[in-house]
Amino acid sequence: MLPRRVRSILNLDDIVTHNSIANFIGIIKLKHPCGMYSTGSTFMELPRRRKRCERKPWVTHITELKRIGRRERKERQMVKEKIVWPPENGLLVKELIPIAHEVYAARTELFACVSRVVKSIAIYACSLCGEVHVGHSPHQIRTCNITGSPASKEHSWKVGNVEHILPLVESFHLYDRLGRAVSHNERLEVDRIPAVVELCIQAGIDIPKYPTRRRVFPAYNLAGKIIDFEKKFSKEDEPGEDIDTFGFWESRKKPSEEKKYIDVNSDDTQGVSMRGMAAWERMRSGLSKLMQKYAIQTCGYCPEVQVGPKGHRVRNCQAYKHQMRDGQHAWQEATVDDLVPPVYVWHVQDPTSGKPLVNNLKRYYGMLPAVVELFAQAGAKVSCDYAGLMREDVAVPGLDEEKLVV
């Protein structure tokens, strides 16, 4: 046993050491306006690019999906009614109807703002690998590494447009989301519309051009089968009237044509970019809320998306080992990035300098989604969620200073 006086001195030393470490950590955790630590590294890794033979990561773990499948098989063996809640029973989720309208309005405003800003800021796309660059002049980073690319891995730039920074993901429009899936022979008879629009329609938006069935009474699940006691068509709903089944591809509207419905001040580019940035955040946050209730399926190997509780049966998958699936898709649960794929581009910290990004300093550059980078170069403030991707805490050295960096 140590004497009491020695133990007191040791305890006092521990207290002083603990307080010193706490004060030191408090000094380190000085935050800048975005809330990140100013002395620590805020770098965030981008999602790793999947190989051609790799499947998309599961939203729900595969073991949990197997457990749910075993439980559902046991329930189907017992002839009893299963209580289903909206939207699985065909009814709308009332509290999500305003969110669907907000997402649809945010998407329309986003495309209008992007169409206006691209007139002032150049967009480039590689004709070989499809990489996108926002701003002038295009970067000199040698990352073109596909079949047919030059040995130097330099990009072959061409002028891009809105579709390069906002890829259009389409889905089959369903008149009845609880009906049977679209078959392969019906692939040319069913409209294909943007997946975000289809989700908003199923969540409560009424578009006369794309009619959908609105149930008054819920459907029931008996022994694993959906039983609907409503008539297929009510007296007010006559199928075929004012609905053009064929030729929908001739009158399909491009997203860039929606800008005329939004009043955008063409003189204030910074104001338009701020509105576009807010619309981008509202659309993604609203989609995440809708997807918590409304099921969306995506192929595990290709970008195909189907809004609804199950995927379609069209055999048009050309991804890895599609011959084993007879061209059908490997459906799994989708994420927000499947509906609105973020095209990541290199972040230009000083667009006014006019100096292109060079290959030797690529490890010091950050990346951003192309839409966010476009609005950031137009004067909009970037959200703190992207601080780790922008790498604003890293000072980009000069070419003559690179060898001096430790």
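This is a predicted model: local features need pLDDT of at least 70, side-chain atom pairs count only at pLDDT 80 or more; totals for chains, interfaces and linings use all residues.
Volumes refer to the space filled by probe spheres set on the grid points, which are joined across faces, edges and corners. At least two lining residues each come from strand 11 (331–333), helix 7 (336–339) and strand 12 (344–346), where helices (H or I, at least four residues) and strands (E, at least two) are DSSP runs numbered from the N terminus. Divided by class, the lining of the second largest pocket contains 25 nonpolar, eight polar and 15 charged residues; Ala, Val, Leu, Ile, Met, Phe, Trp, Tyr, Cys and Pro count as nonpolar, Asp, Glu, Lys and Arg as charged, and the others, Gly among them, as polar.

Residues are numbered from 1 along each chain as its sequence is written. Local features need pLDDT of at least 70 and side-chain atom pairs count only at pLDDT 80 or more, whereas totals for chains, interfaces and linings use all residues, and side-chain values use heavy atoms, with hydrogens and water left out.

Three cavities of 30 Å³ or more are present, a cavity being a set of points where a 1.4 Å probe fits but cannot get out. The largest cavity holds about 150 Å³ of space, and among its 14 lining residues R107, F111, P167, V196 and L339 lie nearest the centre. Helix 3 (97–117) and helix 5 (195–202) each supply at least two residues of this lining, with helix 3 giving the most, three residues. The lining of the largest cavity is made up of 13 nonpolar residues and one charged residue, with no polar residues. For the second largest cavity the volume is about 100 Å³, and of the 14 residues that line it, G90, R177, Q202, R213 and R214 are closest to its centre. The lining of the second largest cavity divides into six nonpolar, three polar and five charged residues.

No disulfides, defined as pairs of cysteine sulfur atoms within 2.5 Å, occur in the structure. The closest cysteine sulfur to that of C302 belongs to C299 and lies 3.5 Å away, which is too far for a bond. C302 counts as buried at 12% relative accessibility, as does C200 at 1%, buried meaning under 20% relative accessible area (1.4 Å probe, protein chains only), with exposed over 50% and partly exposed in between.

Key:
On a 1 Å grid over the protein atoms alone, a cavity is a set of points where a 1.4 Å probe fits but cannot get out, and a pocket is an open set with protein on both sides within 12 Å along at least five of seven lines; lining residues have an atom within 4 Å of a point.
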